[in-house]
Number of protein chains: 2
Amino acid sequence: MAESETITAVATPQGKSALAVIRVSGPDAFEITACCLQEKILFDKTPTRYVRLYLAKNPISKRTIDQITAIKYCAPRSFTGEDTVEIICHGGPLIVKEILAALQQAGARSAVAGEFTRRALLNGKIDLMKAEAIRGLIESTSEVNLRCAQKLYRGGAALDLVQWREELIEQLVKIEAQIEFEEEDNIIAVKEDGKKKIEALMIQLKGDIEKTEKIRGIEYGLRVVIAGPVNAGKSTLFNILVGHNRTIVHKEPGTTRDIINEGLLIHGHDVELIDTAGIRDTEQEVEREGIERSRDAIKNAAIIIWMTAADERYSDKELQEVLSQRDKSILGVINKIDKSEGREKIFKFAKAGIETIAVSLKKKTNVNLLLSIIGKKIEEIYERVEMPHLLFNTRHEEIGRALFKEISTACDEWKRPEIAAYHLRNGISLLDEYFGKIHSDEVINRIFEGFCIGK
Amino acid sequence: MAESETITAVATPQGKSALAVIRVSGPDAFEITACCLQEKILFDKTPTRYVRLYLAKNPISKRTIDQITAIKYCAPRSFTGEDTVEIICHGGPLIVKEILAALQQAGARSAVAGEFTRRALLNGKIDLMKAEAIRGLIESTSEVNLRCAQKLYRGGAALDLVQWREELIEQLVKIEAQIEFEEEDNIIAVKEDGKKKIEALMIQLKGDIEKTEKIRGIEYGLRVVIAGPVNAGKSTLFNILVGHNRTIVHKEPGTTRDIINEGLLIHGHDVELIDTAGIRDTEQEVEREGIERSRDAIKNAAIIIWMTAADERYSDKELQEVLSQRDKSILGVINKIDKSEGREKIFKFAKAGIETIAVSLKKKTNVNLLLSIIGKKIEEIYERVEMPHLLFNTRHEEIGRALFKEISTACDEWKRPEIAAYHLRNGISLLDEYFGKIHSDEVINRIFEGFCIGK
């Protein structure tokens, strides 16, 4: 994989489409592309970053393949930092294949997955975090993951972590100085001051780890659970919501341990909608197990839609069940108001401070209002999601946890400077790894193995 | 669908990839795009067809979405003939979604399938044939279809057909003149001369219709049939070929009427490989039916690979069976030379003029040579495929057949000028339809309904 080679790959997905983009990068990118164009001289003369139409041909058979546009980017002002050509051709799979074959016959090699970004990294055009951010931008299937990737792409974490690294080095230097001049009073004061500074970092880091955990919890969508007594219309609502909201990332539908769930987009937000077994007192063992599972689902929910029928009598026990989940976002839905007004239930729920709406799913009364309230509740939660400042993916999380362990051990051992210094040094190494200063091939390979060809 | 609207769509396939291209076209394309960029003024100032980096943002939330490149094309020097922007962003599905949403919030409308090309047609940037060619470039899944689309894209047919139309008009004018000045001798001479000219067109058209039929016959791949006596190693060869050649257009595998077939690429060429039941004399009815089907498959084959075992004795009857298919490309394969030299068979086959190779599939003797001979035979046939001059798709074929009927009726009725004139006029109308001069909405809709979004 010498960088003296010129590489090529299609940068857009396989499939039939209007356009496809093919990239060529490396020292001979211009020459190789020129060999595959009818208008070689025009291409040579065209300034960089200027788009022109050409006819692509096979350099050996001379047969015309397609009318394309090509753009030259001169090193180092390109994505990879090398001379690069972007070819935009018609998006037919055979057209793409023929153009790639032509470029290869003219001397380019097929790029392996992630090779363009790897070259950008090795040429100093991007750092490791930007490479990860690009992967995140491409791979994100949920809004929170995308936000993380966007923040990382804009270099969100870099400045903070540079300061952290400096802080750790400063304290390390002081501790090492102290090892030599032990027992002096003012040194001890500095020592305690240093410990406080490290502890402040610990608190920040802990906050970030917690935020990351919360994001992991909703990265496949906020859990919205439809719960309530039997025969209240839960499945009807489930079907209405599924029907109204087309899914982009359509997770395999199916029943998870008797609980039906479906990935949807509601108001553009990823949601995992869960329908549960109706809750009631029962002697039947199978049903009891189903109810246990419903309770588990409720426990892990972000939003609970509690459906209850207007024509069933109010019970204090039911309200207690709902109120026991007060830490979640709860919406009370009194269904079947075509059958009964359900005044007592509405009154009791509202009085207990639960946002409540009376509907008839059957007669379609207030259904649109219900949908918009559910949408609003989801948006409220997404708006409250706090983005981490430093840790944007699982690699970062792992480093963050390890770093937390090192600096907290350093604090615990603050009175034994040799040991504290050892852990601070480990912490600094971890930050270097985060930045990719120590980029062992292994770390790089791990990041790039998930890339698609053409990136 | 007023053209005063500015439309937008992604022009690359759905999926995760390095890059995606989004198009914006219409009177407000520049302004709408500018609203979605952090560097609005820079974008306004940037000359057309010059590529620059920008940050795309949502015009309402102002949140940054992605770092993109954008290219402006001024009307009429764009694909659609309208002001157009091409945005190249990271190829994440959510990124694409967010950018499209931003453009829509800034005033663009989602394009319907084929709407960009339709606008190009209505703005006179391309004609109907070029629109069809673009569809062909995108949709082609076989080499011959792609060649047709490429030829059509380069305007291969247009000149010839313009001449045809002129020829038909010229003869029509003469015939109509003749209707008025009947019985003059020199007119009759002109008449016969005119008929000959039309007949010359008929011959050309017939040739083209025949070429098109041949292409239809191989558009899903050349039929390569493995046939021969029972127990000769046919299925072993089938599996070797399937294993060696990865399929791009993988047709549903399966057994077609007891005949196993599989779509493959051999040396980059589409091939439909067919394994047949062994041929032998039998009383068993079921087996006899299988053998009948094998014979049918052989009849429709382009290439026959006749496999026969070296350790089975030579029979004149077998050789006659092979020789009865002399119009096809035949390759004799004497298998199992590990068991017997099979000299007599090799000698008799070769003497009969059949290209023959002796192999042992079991011991892998000459297998690579066999594969390369098969590849060579396929290439020979593909090289001999004649491209039509005028008719490149089923719509053209239909018009071609109708045109042939009209002008041959005109020739038949040459002595009855009113009737001949009527059919010539029909022929001219058909040519106008071919060119899209008469583009009834129906014809246009038929062409565009198969387009993908973003084209």
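Rotating chain B by 180°, with 0.3 Å of shift along the axis, superposes it on chain A at an RMSD of 0.3 Å (least squares on the C-alpha atoms of residues with pLDDT of at least 70 in both copies). The two copies are thus related as by a two-fold rotation axis. This is a predicted model, in which local features need pLDDT of at least 70, side-chain atom pairs count only at pLDDT 80 or more, and totals for chains, interfaces and linings use all residues. Residues are numbered from 1 along each chain as its sequence is written, chains are lettered from A in the order in which they are written, and side-chain values use heavy atoms, leaving out hydrogens and water.

**How the copies meet**
- Among the residues of chain B, B:Y50 comes closest to the rotation axis, with its C-alpha at 2.4 Å.
- The copies meet through the same surface, because 100% of the interface residues of chain B are also interface residues in chain A (contact means heavy atoms within 4.5 Å).

**A helix pair in chain A**
- Helix α7 (residues 158–180) of chain A and helix α15 (residues 417–435) of chain A have axes that come within 9 Å and cross at roughly 155°.
- That makes α7(A) roughly antiparallel to α15(A) (angles over 145 degrees count as such).
- The residues of this contact divide into 17 nonpolar, three polar and five charged.

**Aromatic pairs**
- Over all chains, the structure holds two aromatic pairs (ring centres of Phe, Tyr or Trp, the last by its six-membered ring, within 6.5 Å).
- The rings of A:F43 and A:Y54 have centres 5.5 Å apart and planes at 80°, so this pair is edge-to-face (planes over 60 degrees apart).

Note on methods: Axes fitted to C-alpha atoms, helices over the stretch in contact; angles between N-to-C directions. Helix = DSSP H or I, 4+ residues; strand = E, 2+ residues; numbered from the N terminus. Parallel < 35°, antiparallel > 145°, perpendicular 65-115°, else oblique. Nonpolar A, V, L, I, M, F, W, Y, C, P; charged D, E, K, R; others polar. Phe/Tyr/Trp six-rings, centres within 6.5 Å; stacked < 30°, edge-to-face > 60°.
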